[in-house]
Amino acid sequence: MSFTVVCFTLLWGAVFGYLALRTFDSLLGIGFCLQALLRWRWKRLAGKVVTGVKPGSNLDLLVKLSLCALFFASLIHLGDDFARSKLWVRYAGRGGLLFLLSAAGLILAWLPATRRRLVHYWKMSHQFDYAERRRRTQLLR
């Protein structure tokens, strides 16, 4: 393997790891929002007094996360097409091992940030008045 192929494989592996991680946490966030919306609807149909997160803030977060997931997944697809068609990269042998090691290293390095992001999504979709307080705080800045 030449030096440029090794560099490209490591770079594309790192970029792929980041995009895959962001796609995964966006999909989990979408699941959190859908679960909160379904829970809100179920309580409303059951005739209970509905308190908690407003469905509008959940819908806003759901749209934002859907667009992020679509964007990151499309970047993965475009990058893979470019690597296969233009550079004739095959994910086998030493190149595949370097690709996987680079992606796994970046994913492991970004796991704490991903965990914080998922906790934020959970609070935005499930914790009473968290989204409104956050919006007011950001308006004050």
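Me: How much space lies in the largest pocket?

Reply: Rolling a probe the size of a water molecule over the atoms shows where empty space is left. A pocket is here an open set of points, on a 1 Å grid over the protein atoms alone, where a 1.4 Å probe fits, with protein on both sides within 12 Å along at least five of seven lines. In this predicted model, where local features need pLDDT of at least 70 and side-chain atom pairs count only at pLDDT 80 or more, totals for chains, interfaces and linings use all residues. Residues are numbered from 1 along each chain as its sequence is written, and side-chain values use heavy atoms, with hydrogens and water left out. The largest pocket holds about 170 Å³ of space, the volume being that filled by probe spheres set on the points, which are joined across faces, edges and corners.

Me: Which residues line the largest pocket?

Reply: Lining residues have an atom within 4 Å of a point, and here they are S57, D60, L61, K64, H120, M124, A131, R134, R135 and Q138. The elements giving two or more residues to this lining are α2 (55-85), α3 (93-126) and α4 (130-140), where helices are DSSP runs (H or I, at least four residues) numbered from the N terminus.

Me: Is D25 buried or exposed?

Reply: Buried means under 20% relative accessible area, found with a 1.4 Å probe on protein chains only. D25, in helix α1 (residues 3-45), is buried because its relative accessible area is 0%. Leaving aside neighbours within four places in sequence, D25 is in contact (heavy atoms within 4.5 Å) with T114, R117, L118 and Y121. The C-alpha atoms of D25 and L118 are separated by 6.7 Å, although the two residues are 93 apart along the chain.

Me: What does R22 touch, not counting residues up to four places away in sequence?

Reply: R22 is also placed in helix α1 and counts as buried at 14% relative accessibility; with that exclusion, R22 touches F72, R117 and Y121.

Me: Which residues touch the most other members of the largest nonpolar core?

Reply: In soluble globular proteins, nonpolar side chains tend to be buried together. A nonpolar core is a set of buried Ala, Val, Leu, Ile, Met, Phe, Trp, Tyr and Cys residues joined through side-chain atoms within 4.5 Å. Of the 13 residues in the largest one, I30, C33, L61, L62, L65, Y121 and M124 touch the most other members, and α1, α2, α3 and α4 each give two or more residues to this core.

Terms used:
Buried means under 20% relative accessible area, exposed over 50%, partly exposed in between (1.4 Å probe, protein chains only).
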